[in-house]
Amino acid sequence: MQILDGKIVSQAVKDDLKQQTLDLKAKAGKTPHLAAILVGTDGASETYVASKIKSCEEIGFKSSLQRFQSDIDESTLVEAIEALNRDADVDGILVQLPLPKHFNEEKIINLIAPEKDVDGFHPISLGKLVQGLPTFISATPYGIMLLLKHYNIDTVGKHAVVIGRSNIVGRPMSILLSQNTNPGNCTVTLCHSKTQNLKDICLQADIIVAALGKVSFLTADMVKENAVVIDVGITRVADSSKKSGFALKGDVDFENVAPKCSYITPVPGGVGLMTIAALLMNTFNACVKK
Ligand code: NAD
């Protein structure tokens, strides 16, 4: 069993981007700028945004963060996004999800200018992805593709089972794995909460991507020998032994599943770090394109 180490691969991506950012500044006088918007004080969202901003600083990007109280009205958020759309200095816009319940997330995401949609959540980005056209690929599935590529995982003709059909992870993941690319060229089964016989389907999988948000859902009896297992889940579970008071848990019962796998991602230290690396790549590309 080999660990797919998001720490090593994301660092390699960031080192490369750092050099490319220096070159871009020297040649074109441009520096990529990621603008983040955070509404409310959700602990996990605070942590994610802070890591994204820190990563920007590490590699020489500009970053900015606008924070709003959770009870702001829609027009305030709309104006903030429209101002960022107009701001020629901003290359990428990130609205941290989830938004407080009184917002329609779809409507808010659709306001982001597609050329600044570095999270890849806009319908235009997703539509282009479906057609195999160049676009901003949703950061988590993009990060997973980078991880598979780095470790040279053979995906051609393999049966990939994706558990979860969200527009930001499961669905784009299923599309990417099915495309005529490397990694890619898988035969994909997309599973969800209404799927029947999930265990039987998983037992046929050469590659499993678990993205449903249920701690330790994928157990050893659902995984065949030598499968590649990618754990997208991140759930905070109370843990008094940790300074923070919680531990991060994935969707895979790592301890029992790992011995059966050829490759597996840990949580933390796997997909989460690759998501940030992919977001940075999208931001760099947005700057270059402009
Ligand atoms: P979501 O809640 O939008 O979607 C969950 C999906 O899981 C749904 O499509 C649902 O049909 C499916 N599902 C639920 N119960 C199921 C069951 N019993 N069997 C089969 N399918 C089932 O979630 P999301 O936004 O896609 O996120 C999923 C998980 O990934 C969460 O834990 C989230 O925190 C995590 N996440 C991690 C990263 C990262 O960078 N590592 C990024 C995004 C999301």
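How many residues surround the ligand, and which are the closest? In this predicted model, in which local features need pLDDT of at least 70, side-chain atom pairs count only at pLDDT 80 or more, and totals for chains, interfaces and linings use all residues, 21 residues surround the ligand, with Arg165, Ser166, Ser193, Lys214 and Thr275 the closest; a residue is near if one of its heavy atoms lies within 4 Å. Residues are numbered from 1 along each chain as its sequence is written, and side-chain values use heavy atoms, with hydrogens and water left out.

**Ligand surroundings**

- Among the polar contacts (pairs of N or O atoms within 3.5 Å), a polar side-chain atom of Ser166 lies 2.6 Å from an oxygen atom of the ligand, and an N or O atom in the side chain of Thr275 is 2.7 Å from a ligand oxygen atom.
- On its own the ligand has 860 Å² of accessible area (Shrake-Rupley method, 1.4 Å probe), of which the protein covers 72%.
- Helix H10 (residues 271-289) gives the most to the shell, with three residues; helices here are DSSP runs of H or I with at least four residues, and strands are runs of E with at least two.

**Sheet**

- Six strands form an open sheet in the order S1-S11-S8-S7-S5-S6, with parallel pairing, where two strands pair if DSSP finds at least two bridges between them.
- Strand S1 (2-3) and strand S6 (187-191) stand at the edges with a single partner strand each, so one side of each is left without a neighbour in the sheet.
- Strand S5 (residues 159-163) pairs with S6 in the parallel sense over five bridges, and His159 stands opposite Thr187 in S6.

Methods. A polar contact is a pair of N or O atoms within 3.5 Å; within protein, one must be able to donate a hydrogen and the other to accept it, and residues adjacent in sequence count only if both atoms are side-chain atoms.
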